[in-house]
Amino acid sequence: MKIIDLSHNIINNLQVYPGDPETKIRKHCTFDKDGYMVNELSISTHCATHIDAPNHFIKDGKGIDEYPISKFIGKGIVIDVSYKKEGEIINLEELKEYKNNICNVDFVIFRTGFSKYFNSEKYIHHPYLSKEVALNLIQNNIQICGIDAFSLDSTSNPSDWAAHDNLLKNDILIVENLNNLDLLKDNKIYEFHFVALKLNKLDASPIRAFAIDG
């Protein structure tokens, strides 16, 4: 059995979605002063690799703590769209060769290749899903959709939120800022773990995401 870590490290001054709170880590207790170590951590619920709950976009939608752990664990595939250029739309055409597996998995993960640009200006200009792709995933009863970018929707030109609106109102959770997807084969079924912290009624949670092969 092989375990593949799909998370970004949480560090001081980590790149965040434009307008979100900064990530700050501060020493609170130290070995020299106190004989032990404690740090103070200030982050957004959407910091680094994280999972979105419906109430991120849907008023009176479920909070992230309202799901059983089983919601965050499932079989899934990676769809390779790393040939897409900055700001390009991921269309239904990209799903054709994956349609048989999409019908038989819980999670669908899009590999744009943009995780290598994390903490740079270029990361903002990632490819994103069309409304038609989101609707297709709903029709196929997907439980979680993920991407190695800031958002399933456009970050550099956020004219609408078709993916977030449609997926979240249909109880499909969203995982963003995934990492190391290049270590996974496309269209191969893996067991994914995207377990959220039990944050009371909150709209998202940072996660330690990983895949199990074998």
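The lining of the largest pocket comprises four nonpolar, six polar and three charged residues, where Ala, Val, Leu, Ile, Met, Phe, Trp, Tyr, Cys and Pro count as nonpolar, Asp, Glu, Lys and Arg as charged, and the others, Gly among them, as polar. The model is a predicted one: local features need pLDDT of at least 70, side-chain atom pairs count only at pLDDT 80 or more, and totals for chains, interfaces and linings use all residues. Residues are numbered from 1 along each chain as its sequence is written, and side-chain values use heavy atoms, with hydrogens and water left out.

The volume of this largest pocket is about 170 Å³ (the space filled by probe spheres set on grid points joined across faces, edges and corners). Of its 13 lining residues, Tyr 17, Asp 20, His 46, His 56 and Glu 176 are the closest to its centre. A pocket is here an open set of points on a 1 Å grid over the protein atoms alone, where a 1.4 Å probe fits, with protein on both sides within 12 Å along at least five of seven lines; lining residues have an atom within 4 Å of a point.

Two helices follow in the table; helices (H or I, at least four residues) and strands (E, at least two) are DSSP runs, numbered from the N terminus. Buried means under 20% relative accessible area (1.4 Å probe, protein chains only).

| Helix | Buried residues |
|---|---|
| H3 (residues 131-139) | Val 133, Ala 134, Leu 137 and Ile 138 |
| H4 (162-169) | Ala 162, Ala 163, His 164, Asn 166, Leu 167 and Leu 168 |

The buried residues of H3 fall within an arc of 145 degrees seen down its axis, so they line one face of the helix; the arc is that of the directions from the helix axis to the C-beta atoms. Their cover includes strands S6 (89-90), S7 (107-111), S8 (128-129) and S9 (144-147), together with H4. H4 is mostly covered, with six of its eight residues buried. Its buried residues pack against S4 (50-52), S8, H3, S9 and S10 (173-176).

Glu 94 lies in the loop between S6 and helix H2 (99-102) and is buried, with a relative accessible area of 10%. Its side chain makes a polar contact with the side chain of Lys 84 (3.5 Å), and the side chain of Glu 94 also reaches the backbone nitrogen of Asn 91 at 2.7 Å. A polar contact is a pair of N or O atoms within 3.5 Å, one able to donate a hydrogen and the other to accept it. Leaving aside neighbours within four places in sequence, Glu 94 is in contact (heavy atoms within 4.5 Å) with Ile 79, Val 81, Tyr 83, Lys 84 and Ile 89.

Notes. Buried < 20%, exposed > 50% of the residue type's maximum accessible area, 1.4 Å probe, protein only.
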